Amino acid sequence: MSVDNPRIPAVNAALEKLLADLTPDPFDGRLRRDDAYTVVLAALDHLEALGQRRTTVGELYIWSRVIPGGEMLGGHDRLMTLLEQAADHGRIRLDHGQVHIGDAPTGGGPGHIWMRQLTKGGAHVELIGDQPWPLGTDAHHEAPAWWHCTGCRENRGQAEAMYVYAVRQEVADHAAKCPFLPPLPDAS
């Protein structure tokens, strides 16, 4: 949410109105999770409409502290939870504190994340394919795929791609034994 963009005030005004129309929980002053998720998605959609396809977790957090009503979203941990939910829904891709808006590649090289599985330590093992996976469809069993662990950084690279279902089993096996924690957010 770079402040250099002259259209950002219009985005802020639209999001301020959205926040003003939502009612926080009277006990903790935060929005219900679904409402907070709606606000985060609206902010990401506005950025994408402005042609900004990348931001950082830090910039989004600062924005949530600066915009009137933004404190109702909650703290950094809650923002990360909301962003992880958006990533699971295919709206964004998270990569070392970077937020890629839309279907942007991350992880183990060029490609698109088709699936994430949590390791024992909480990092993600990402199954990656070379094309976006259309929502509501199954991947063709011969589709080439590879994987990348965001914790220990072990991977099967694109050069070693195999059929998606064979790689899916490798992802499950690695996730079951990997003790690594997720990467720390970018300091920015």
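1. Basis. The model is predicted: local features need pLDDT of at least 70, side-chain atom pairs count only at pLDDT 80 or more, and totals for chains, interfaces and linings use all residues. Numbering starts from 1 along each chain as its sequence is written, and side-chain values use heavy atoms, with hydrogens and water left out.

2. Burial of strand 5. Helices (H or I, at least four residues) and strands (E, at least two) are DSSP runs, numbered from the N terminus. Buried means under 20% relative accessible area, exposed over 50%, and partly exposed in between (1.4 Å probe, protein chains only). Strand 5 covers residues 124-129; six of the six are buried, so the rest of the structure largely encloses it. H124, E126 and I128 are buried on one side. V125, L127 and G129 are buried on the other.

3. Pairing with strand 4. Two strands pair if DSSP finds at least two bridges between them. Strand 4 (residues 112-118) runs antiparallel to strand 5, with six bridges joining them. H112 sits opposite G129.

4. Pairing with strand 6. Strand 6 (residues 144-149) is also antiparallel to strand 5, over five bridges. Here G129 faces A145.

5. A166. This residue belongs to helix 5 (residues 164-177). A166 is partly exposed, at 32% relative accessible area.
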